[in-house]
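User: I've got a new model loaded and would like to walk through it with you. Can we start with the overall layout and then go into details?

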Amino acid sequence: VGSEMCKETGLIVMHYGSEPAATATVLFDDDKSCFLSHIAVRRDMQKNGIGTALLSCTANLLDNRKITLICKKNVQRFYISCGFTVAGTAYEIARG
């Protein structure tokens, strides 16, 4: 599993072997924070830890930025299990 981010578009793509497995989009706010959206794992690769790995790699790629995301209630537990905390209607990883 490996991931890469295009700084110009904010698109993150995670590969499993040679296959693209998951994506996320980063919207940069400033040097200290960003928004994470459009998180998706290929249906045939779900329930295998790819989403967790995507969020972990994404956090590493974004250095010490605070990461904020908004999600549907039905996936709230997943993001909390990945280290996000409830902050109103958004979820974030506080840094620094």
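User: How many helices and strands does the protein chain have?

Analyst: The protein chain has two helices and seven strands, where helices (H or I, at least four residues) and strands (E, at least two) are DSSP runs numbered from the N terminus. From the N terminus on, the order of elements is β-β-β-β-α-β-α-β-β. Please keep in mind that this is a predicted model, in which local features need pLDDT of at least 70 and side-chain atom pairs count only at pLDDT 80 or more, while totals for chains, interfaces and linings use all residues. Residues are numbered from 1 along each chain as its sequence is written, and side-chain values use heavy atoms, with hydrogens and water left out.

User: What share of the residues counts as buried?

Analyst: Of the 96 residues, 36% count as buried, where buried means under 20% relative accessible area, exposed means over 50%, and partly exposed is in between (1.4 Å probe, protein chains only). As for contacts (heavy atoms within 4.5 Å), among those between residues at least 6 apart in sequence, 42% join residues at least 24 apart.

User: Which residues touch the most other members of the largest nonpolar core?

Analyst: Those are Val26, Leu36, Ile50, Ile67 and Phe84, out of 22 residues in that core. A nonpolar core here is a set of buried Ala, Val, Leu, Ile, Met, Phe, Trp, Tyr and Cys residues joined through side-chain atoms within 4.5 Å. At least two core residues each come from strand E2 (11-16), strand E3 (19-28), strand E4 (33-41), helix H1 (50-61) and strand E5 (66-69). In soluble globular proteins, nonpolar side chains tend to be buried together.

User: Switching to the strands: how many bridges join E3 to E4?

Analyst: Six bridges join E3 to E4, and the two strands run antiparallel; strands are taken to pair if DSSP finds at least two bridges between them. Leu27, for instance, has Phe35 in E4 as its bridge partner, and a hairpin through four residues joins E3 to E4.

User: And E4 with E5, parallel or antiparallel?

Analyst: E4 and E5 run parallel and are joined by four bridges, with Ser33 standing opposite Lys66 in E5. The chain crosses from E4 through H1 to E5 in a right-handed β-α-β crossover, a term that applies if, with the strands pointing away from the viewer, the path from the first strand over the helix to the second runs clockwise.

User: What about backbone angles, say phi of Lys47?

Analyst: Phi of Lys47 is near 70°, a positive value in a residue other than glycine, and Lys47 is found in the loop between E4 and H1, where it counts as exposed at 84% relative accessibility. His38 also has a positive phi, of about 50°, although it is not a glycine; it sits in strand E4 and is exposed at 62%. For context, most residues other than glycine have a negative phi.

User: Last one: where does Asn64 lie?

Analyst: Asn64 lies in the loop between H1 and E5 and is exposed, with a relative accessible area of 62%. Beyond neighbours within four places in sequence, Asn64 is in contact with Lys32 and Arg95.
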